[in-house]
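Student: I have a model to go through. Can we take it step by step?

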Amino acid sequence: MLKQIQEWFGMSPQGQSLGLGHGPGDGKGHGHTHGSIDPTIATTTRGIWAIKWSFVVLALTSALQLVVVVISGSVALLADTIHNVGDAVTAIPLWIAFVLARRKPSKTFTYGLGRAEDLAGVAIVAIILFSAVFAGYEAVDRLIHPQSIAFIPWVVAAGIIGFLGNEAVAVFRIRVGREINSAALIADGYHARTDGFTSLAVVFGAIGVWLGFPLADPIIGLLITIAIFGIVWQSSKAVFVRMLDGVDPAVTDEIRHAAGHVDGVREVLDVKARWLGHRLLADVGVRVLADMPVADADRLAENLRHEMLEHVPALSVANVRVSSTSQEAQPGAHHAPEPFQVRSELAEGELSIARTPAGERMRLTLDRWADGLNAVVTIDRAGRPEILVLLPSSGDLSTLESQSAPDEPHEFNARLILSANGREEIREFRITEPAGHGH
């Protein structure tokens, strides 16, 4: 029973999947945003068709409620009507944006007009904010200057109509969303289902007035206003993160994961992604063997593109850069922290964090060492120390490496413990990441 209730409200994993290509149960949680449509919807005619019919249903619902608002004077119903009008009107800037986004790139707009959808997002947030301010003003005014409401049965009927209209939109969006595999349209459907309960709140407010508590109506109006302000905050975060080229970290993590499935990729050097309207663009740099033929590198890049599209269905453009040079040697790329110079009676050399085909490792490169030398690095971490045992690399006694990468961040206080022939020396040191360093 509880599972069915969670599914109905969209709180089950199935209702929150990101749709990254691993099935409903494998995606990470994804909350919906009020009045905004995920890019995956706009890529299909059926998705846009769903938006249009949702607009029609909500517009009719709002019109019926508005008639009752005029004859009854219910401020709670007014707030709910404004809420539903805002839901419906947000489709208009999206339609305009979709038309502009379909225009072909030009010499001036070489990437096309996909950013028009970001501007539409700003317009949507502004519409929702206006509806919240107006509804709040009316509710506060009614609290200060109480007025009786008339035609209470009509108000109850209008609240029920609002609930049924939102529920109809919810069922429609969820059904179409599942047909086109759009997590966002499904989420918007669950959002409409939640909005239906806002309409039912109007019913309870009217019943409260009928039972002799006239302030129930403006109080319900204020509660609806608070709910709308919460939606404004949620929507604005999503819109402005996208305008600033932000993406869900799960997207870049999934791209890195996809690269790990491609034979020949020795290292993922860099991953960048951003939304251009409803299109997700990604740039990926990978390292391959230096003697790989160009034809094989081309096939590797194509295989990587295919793997990325499998893992991230929303991806439309993937640029793959193939290099035989490690990231350490690339100008402006990641640079390892400065090495620590080791000078002791048991050994002399350099301790550093080095990149290897297997990943980052703590490496001690020796110029001189005592027979039977053992080396251990103890890093001060919160909770408990991190211990890395350094062992000969491929039988080379002059190079000792850890078997795993040191944990992030690569800025810490540590001790190098050297031992040989019953003697032990401890050298304290600090690793500091260079300016501009990032992972």
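Tutor: Start with a term: helices are DSSP runs of H or I with at least four residues, and strands are runs of E with at least two. Keep in mind that this model is predicted.

Student: What are the helix and strand percentages of residues 122-140, and how far apart are the end C-alpha atoms?

Tutor: UniProt, in an unreviewed entry, lists residues 122-140 as a transmembrane region. In the model, the span is 100% helix and 0% strand. Its end C-alpha atoms are separated by 27 Å.

Student: Which element gives the most residues to the largest nonpolar core?

Tutor: That core has 28 residues, and I152 is one of those touching the most other members. Elements giving two or more residues include α7 (152-179) and α9 (216-243). With seven residues, the top contributor is α9.

Student: Beyond four places in sequence, which residues does I152 contact?

Tutor: Sequence neighbours within four places are set aside here. The contacts that remain are A206, V209 and W210.

Student: Is S352 buried or exposed?

Tutor: S352 sits in strand β5 (residues 347-356). Outside four places in sequence, S352 contacts P339, R361, M362 and R363. The cut-off for buried is under 20% relative accessible area. S352 has 12% relative accessibility, so S352 counts as buried.

Notes. Residues are numbered from 1 along each chain as its sequence is written. This is a predicted model: local features need pLDDT of at least 70, side-chain atom pairs count only at pLDDT 80 or more; totals for chains, interfaces and linings use all residues. Side-chain values use heavy atoms; hydrogens and water are left out. Buried means under 20% relative accessible area, exposed over 50%, partly exposed in between (1.4 Å probe, protein chains only). Contact means heavy atoms within 4.5 Å. A nonpolar core is a set of buried Ala, Val, Leu, Ile, Met, Phe, Trp, Tyr and Cys residues joined through side-chain atoms within 4.5 Å. UniProt positions are given in the numbering used here, feature names are shortened, and annotations may be inferred rather than shown by experiment.
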